[in-house]
Amino acid sequence: MKTLYKLLLSILIILALFISSIFVLKKTVLTSEKLKALAIPKIEEAIGRKVEVKKIDLSLFGSIVAEKLKVKEKGGKSDIFSADYVSARIRLLPLLKKKVEVSRLKIKNGHAVYKIKGLPDLKLNFDAKLKLKDNFPASGNVRLSLKTNYKGKLYNLNGNFRLNKNSVELKANALLNKDTLKLKGKVTFSKLTGKGIKKGDLRLKQIIYKGIEVKNLSLDYCLNEQKLSITNLKGQIADGYIDGNLQVFLKNKKFIVNLNAKGVKLERIRP
């Protein structure tokens, strides 16, 4: 997902830098068609992809607005990202020094295709209204729909996510090969604590899957390029419980599971 975000942010930054270099001109000179003709070739050259946009506008308050924005995949056959409306508010003082800082980002009716080597494409539909710090989402709301088809089985996720400082509150429904999954809870995370290492914890108030309700599920996680480690896993299921830890080796897709359960039939909750 980061790749798509960086791609969109790169377009906005290049556009802002380009506009700042001619900001001394009157707005009547900077018509949408002139902005498109001057800026789009530079953006395409910088990101190595074809870009289409119906309209570009610049407000007096430092916001760049793009309507019907499309970014093609390499080769130009299909869209890797598109949105009906993208608005980015640029901090004006850094812009005068040709440094771009986006303070707010709004996306309406966004569509994206996320490609993962060896796996089917993930298709995303989303709306987002975010406040940014250091050009990274700091708070705001995201509505997300994610869909993929793996080995003839449909997987679909619909959710609303509220971002706060170092945490995400979520409420989501998923369809996992005809089985419904419901989630409600909170994920917290730390910044990078080493080269490519991420740490945090997950607290879910409720999970419902295949008619089984799990309450107060909690775990700690640590992710790097080699593996995902889950520790202090705890949860309540009816009159029983589960606890333990899990390691997932990402490159060879191996699992090490140490799980204890009481009053729980684990075979019922297998995907």
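Let's start with Arg91. At 37% relative accessibility, this arginine counts as partly exposed. Keep in mind that we are looking at a predicted model.

Arg91 has a partner. Its side chain meets that of Glu101 in a salt bridge, 3.6 Å from N to O. The pair links distant parts of the chain, ten residues apart. Arg91 sits in the loop between S4 and helix H3, which covers 92–96. Glu101 sits in the loop between H3 and S5. And the cover on Glu101? Its relative accessibility is 23%, so Glu101 counts as partly exposed.

How many salt bridges does a search of the whole structure find? Seven. Let me take some of them in turn.

Next, Glu33 and Lys36. Their side chains meet at 3.4 Å, N to O. Both are in helix H2, residues 32–47. They are three residues apart there, so about one helical turn separates them. Lys36 is at 18%, so it counts as buried, the limit being under 20%.

Then Lys72 and Asp79. This salt bridge is 2.8 Å, N to O. Lys72 is buried, at 13% relative accessible area. Asp79 is partly exposed, at 26%.

One more item on salt bridges. Asp201, Arg203 and Asp220 are linked in a network of them.

Now to the surface. Where does positive charge gather? The patch is made of Arg89, Arg104, Lys106, Lys108, Lys129 and Lys131. Two strands each supply at least two of its residues: S5, at 102–114, and S6, at 122–133. S5 gives the most, with three residues.

Arg89 lies in strand S4, residues 79–90. Its relative accessibility is 40%, so it counts as partly exposed. A patch residue needs over 30%, so Arg89 passes on that point.

From Arg89, step across to Val65. The two C-alpha atoms are separated by 8.7 Å. Along the chain, these residues are 24 apart. Val65 lies in strand S3. It is buried, with a relative accessible area of 16%.

Stay on S3 for a moment. This strand runs over residues 63–72, and Lys68 has its place there. Now the backbone. Most residues other than glycine have a negative phi. Lys68 is not a glycine, yet its phi is positive, about 55 degrees. Lys68 is partly exposed, at 43% relative accessibility.

Which residue in strand S5 is also worth a look for its phi? Asn109. This residue is found in S5. Asn109 is partly exposed, with a relative accessible area of 32%.

S12 covers residues 212–223, and S13 covers 227–237. They run antiparallel, and seven bridges join them. If you want a place to look, Leu223 stands opposite Leu228 in S13.

On to S13 with S14. This pairing is antiparallel too, over nine bridges. Here Ile237 stands opposite Gly240 in S14. How many residues lie between S13 and S14 in their hairpin? Two. Ala238 is in that turn, with a positive phi of about 50 degrees.

Finally, S14 and S15. S14 is residues 240–249, and S15 is residues 254–262. Nine bridges join them, and the strands run antiparallel. Leu246 stands opposite Val257 in S15. Four residues lie between the two strands of this hairpin. Lys253 is in the turn, and its phi is positive, about 55 degrees.

To recap, with the predicted model on screen. The search gave seven salt bridges. The positive patch draws on S5 and S6, each with at least two residues.

Key
Residues numbered from 1 in each chain as written. Predicted model: local features only at pLDDT ≥ 70, side-chain atom pairs only at ≥ 80, totals over all residues. Heavy atoms only, no water. Patch = residues over 30% accessible without salt bridge, like charges linked within 9 Å, V, L, I, M, F, W, Y side chains within 5 Å. Areas by Shrake-Rupley, 256 points an atom, 1.4 Å probe, with all protein chains shown as cover. Salt bridge = Lys/Arg side-chain N within 4 Å of Asp/Glu carboxyl O. Lys, Arg positive; Asp, Glu negative; His and termini not counted. Charge placed at Lys NZ, Arg CZ, Asp CG, Glu CD. Buried < 20%, exposed > 50% of the residue type's maximum accessible area, 1.4 Å probe, protein only. Pairing = 2+ DSSP bridges.
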